[in-house]
Amino acid sequence: MGMAKEHFVLVHGEGHGAWCWFKLCWLLEGSGYRVTCIDLAGGGVDPTDPNTVGSFKQYDKPLIDLILTLPEGEKVILVGHGAGGLSVIHAMHEFVDRISQAFFVAATMLPFGFQTDEDKNDGLPTLPENEIELTLGEAAGDPPTTVALRPEFQRERLSQQSPEEESVLASMLMRPWPATAISTASFEGDDERLNRVKRIFIKTERDHMLDPEQQDSMIKKWPPSEVLVIDTDHSPFLSAPEQLFNLIVKSL
């Protein structure tokens, strides 16, 4: 295992940003790996207003642009969390030969994105109306442009096992996410091509955002190379970063 050679690209989920990976980034870099944490459009410190992100292609452009700038022949290991799994899948379709491995941390793992209502039932969180804030489109009948998890529900949904002060910090950094762009993500291709990339799914057993049953359904329908289990909330990068780090590096 070439400790100094692997290049990890960490892709956040809905409402998050590159900031959420700070502990895992520190652990990986301290072990000699190269790490890039990106902000997708409207996430983290990206200046884009998430209400203006109308398509998944626009939302995912920062990841695609990053891979396009890689030196010829360089491969990366992608790690996606939550809806970041869709970004990983998108990159696999576009650059299958540039990705050596893909990790899905409680992440949406659907080979062609959302093709059916069943896909959405598997891959999107089911959140009660009282827990979210919607920004509606300009015209009557338009779908919401963004969704945000109300601050008082964020810890219970995302990070109930994490240190409380980190949940407070996360709440300060969370942003609304482009609902339509994410929920309409769909890709064309064939899964035989995608299966050239080794996929590892890390299932979070105490997840209140993407239920373990939803994770199991995606695993069953598109079995990855390996399934690992971590007894945490939806945010193991905050609640159990050392465990998450060990699971990842042992699967290289």
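**View 1. F56 and Y59 within helix 2.** Three residues, about one turn of the helix, separate F56 from Y59, and both lie in helix 2 (residues 56–59); helices here are DSSP runs of H or I with at least four residues, numbered from the N terminus. The model is predicted, with local features needing pLDDT of at least 70 and side-chain atom pairs counting only at pLDDT 80 or more, whereas totals for chains, interfaces and linings use all residues. Residues are numbered from 1 along each chain as its sequence is written, and side-chain values use heavy atoms, with hydrogens and water left out.

**View 2. Aromatic pairing of F56 and Y59.** Rings of Phe, Tyr and Trp (its six-membered ring) pair if their centres lie within 6.5 Å, and planes under 30 degrees apart count as stacked, over 60 as edge-to-face and the rest as tilted. By this rule there are four aromatic pairs. In one of them the ring centres of F56 and Y59 are 5.8 Å apart and the planes stand at 55°, so the pair is tilted. F56 is buried at 6% relative accessibility, and Y59 is buried with a relative accessible area of 2%, where buried means under 20% relative accessible area (1.4 Å probe, protein chains only).

**View 3. F56 and F187.** These two residues, F56 and F187, form an edge-to-face aromatic pair, 5.7 Å centre to centre with 65° between the planes. The pair links distant parts of the chain, 131 residues apart, with F56 in helix 2 and F187 in the loop between helix 8 (179–183) and helix 9 (191–194). Ring pairs link F56, Y59 and F187 into a cluster.

Methods: Helix = DSSP H or I, 4+ residues; strand = E, 2+ residues; numbered from the N terminus. Buried < 20%, exposed > 50% of the residue type's maximum accessible area, 1.4 Å probe, protein only.
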